[in-house]
Amino acid sequence: MSTDIKALTQEQRTPAPDGIKLPIYMDNHATTPMDPRVLEAMLPYFMEKFGNAASRNHPFGWTAEEAVEEAREQIAKLIGATAKEVIFTSGATESDNLAIKGVAEMYREKGNHIITAVTEHKAVLDTCKRLEKYGYRVTYLPVQKDGLVDLEDLKRAIDDKTILVTIMAANNEIGVLQPWAQIGKICRERGVLFHTDAVQAVGKVPIDVNKDNIDLMSITAHKIYGPKGAGALYVRRKNPRVQISAIIDGGGHERGMRSGTLNVPGIVGLGKATALAKEEMAQEGARLGGLRDRLRERIMARLDEVYINGSMEHRLPGNLNLSFAYVEGESLLMGINDVAVSSGSACTSATLEPSYVLKALGTGDDLAHSSIRFGIGRFNTEAEVDYVADRVCETVERLRELSPLYEMAKEGINLKDVKWAAE
Amino acid sequence: MAYSDKVLDHYSNPRNVGSLDKNSQNVGTGLVGAPECGDVMKLQIKVNPETQVIEDAKFKTFGCGSAIASSSLATEWVKGKTVEEALEIKNTEIVKELSLPPVKIHCSVLAEDAIRAAIHDWKKKKNGSAEQKAPATAGSQAGH
């Protein structure tokens, strides 16, 4: 018995329908393309309105300052804050560092305990790890199978030395929304500050710092169709008044919390991006949710053994994270090389470890290696979604024909019972 | 990550994909790697008992493009060689042929392991006709 499989050659691919430009970008959790309206708002601030917002004595400075203050206002409106509570930074990594290190230093007298979750972004996790070296105690909450933290775990973890809880709003890999309003309520009741890395959530789903009892919140422009290198940290000014130590010292910009000449064009872009997001959120969220469901249904109608990673109920509208059993993620990405998505496979990371987020959900390493993250965004169309679904399906089918695991599973062998001889 | 043209070629047009009858006396099966590690290769050889020449080779691989290319190349290389010659194939030659970057060297190691495991399985069958019953799993005694 000998079987031969003819490989699908490039010519046998699903052809791209008219009007679709390849490659298709569907990795909007990594970054988003700029919205032309954002670019348009920014352009004057490179050349004609180039002033330093800190120059107090001439119109060049005043013009720049005015633009910065307008952006501050736009951001504040989106999140229910006041303009004075918005501190500009270089992006979310800096905002996370400033929030966590800034609180840790400022409240050291009060306590040394910080609570976070295992599925946080590295900007939070590695910041917490560094603080552990300096004598802080960090609790890394586990997550449940759906990716959400258990609020009872959180309540139990808070003690009289706890100064900060930092838990993200939406996860960057699986798009799962943490119950930030409930977390905020618990923190407020227990007198602990609450920081949330809301980079993926802001502008996509409603989030209100007052209603939701958020004390500090990280934001970045490039996830909401703005430029890279511009971000903000919301810092609550009353009930309670939050104080943070600076991590960058210098000219005392941003009321001493973040020195450094302001990136005026970037800030204008961030402001415009938040204004557009606020205007279009409801409609756009519904559209993205529809496209996401369409993608999922089209894939799952054709392929078996496809698993969804993370809660579908508590999820960003544009996110879909699927594991395709018996197919390794990087080889799948290679097969759909006219589509930009990402994988939780080890082979796509520098560490050779599969996604720690998927592992935290209890997804086996084998399925973590088989995962693909789709991030649908403002500029994706229905036709693109259909094309991506078809390309994924045909590539998975081809790779499964190539997969010894698929063959074994079809023979009725339980892969968990096999004694694997690793290298 | 950029792939070499040869990796892309083997990925798009893999050579010798498929399966041989694992119960045949003349077929050796190597199954190496583990799903948890993101790489599993099954490599099979069909050996002429008179000449010891590998007359056919097939593979199936779960793994990244470099793993698929390494095992595809391995089947090409072992075909027509005697068993002893095939044992001489080194992973470094696969690295060189496919221009694998350092992070992908383990793919070539796995391919070398798969060749050895397949030959080992065939030898065991040949020497031990007494213990003829076919294993319940994929017919593989992997690794070393």
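## A buried leucine in chain B

With 23 C-beta neighbours inside 10 Å, Leu100(B) counts as buried; the label "buried" requires 20 or more other C-beta atoms within 10 Å of a residue's own, "exposed" means 12 or fewer, and "partly exposed" is in between, with C-beta atoms placed from the backbone. This is a predicted model, in which local features need pLDDT of at least 70 and side-chain atom pairs count only at pLDDT 80 or more, while totals for chains, interfaces and linings use all residues. Residues are numbered from 1 along each chain as its sequence is written, and chains are lettered from A and ligands numbered from 1 in the order in which they are written.

Where does Leu100(B) lie? Look in the loop between helix H4 (91-98) and H5 of chain B. Helices (H or I, at least four residues) and strands (E, at least two) are DSSP runs, numbered from the N terminus. Leaving aside residues up to four places away in sequence, Leu100(B) touches Ser66(B), Val95(B), Ile105(B), Cys107(B) and Ser108(B); a contact here means that two C-beta atoms, placed from the backbone, lie within 7 Å. Thr51(B), by contrast, is 49 residues from Leu100(B) along the chain, and 34 Å separate their C-alpha atoms.

## Chain B as a whole

Chain B holds 5 helices and 4 strands, and from the N terminus on they follow the pattern α-β-β-β-β-α-α-α-α. Of its 144 residues, 53% count as buried. Among contacts between residues at least 6 apart in sequence, 67% join residues at least 24 apart.

Now for helix H1 (residues 5-12) of chain B, where Val7(B), His10(B) and Tyr11(B) are buried. Seen down the axis of H1(B), the buried residues fall within an arc of 100 degrees, so they line one face of the helix; the arc is that of the directions from the helix axis to the C-beta atoms. An α-helix has 3.6 residues a turn, so residues three or four places apart point the same way. What do the buried residues of H1(B) pack against? Their partners are helix H8 (329-335) of chain A together with H2 and H4 of chain B.

## The sheet of chain B

Chain B has an open sheet of 3 strands in the order E2-E3-E4, with antiparallel pairing; two strands pair if DSSP finds at least two bridges between them. Strand E2 (27-34) and strand E4 (54-62) of chain B stand at the edges with a single partner strand each, so one side of each has no neighbour in the sheet. On average, neighbouring strands are turned by 10 degrees against each other, direction ignored. Axes are lines fitted to C-alpha atoms, for helices over the stretch in contact, and angles run from 0 to 180 degrees between N-to-C directions.

E2(B) is joined to strand E3 (residues 39-47) of chain B by 8 bridges, and Val27(B) stands opposite Lys46(B) in E3(B). Two helices can be followed across this sheet. Helix H2 (residues 65-78) of chain B lies across E3 and E4 of chain B, at about 175 degrees to E4(B). Helix H5 (residues 105-127) of chain B packs on the sheet too, touching E2 and E3 of chain B, and its direction makes about 145 degrees with that of E2(B).

## The sheet of chain A

In chain A you will find an open sheet of 7 strands, ordered E3-E9-E8-E7-E6-E4-E5, with mixed pairing. Its edge strands are E3 (86-89) and E5 (137-141) of chain A, each pairing on one side only. Neighbouring strands are turned by 20 degrees against each other on average, direction ignored.

E3(A) pairs with E9(A) in the antiparallel sense over 4 bridges, and Val86(A) has Tyr234(A) as its bridge partner in E9(A). Strand E8 (residues 216-220) and strand E9 (residues 231-235) of chain A also run antiparallel, joined by 5 bridges, with Thr220(A) opposite Gly231(A). Helix H2 (residues 59-79) of chain A lies across E3, E8 and E9 of chain A, running at about 120 degrees to E3(A).

## Two domains in chain A

The domain assignment of chain A gives domain 1 (10-34 + 279-417) and domain 2 (36-277); such bounds come from an automatic or database domain assignment. Their centres, taken over C-alpha atoms, are 30 Å apart. Across the boundary, 26 residues of domain 1 of chain A are in contact with 32 residues of domain 2 of chain A.
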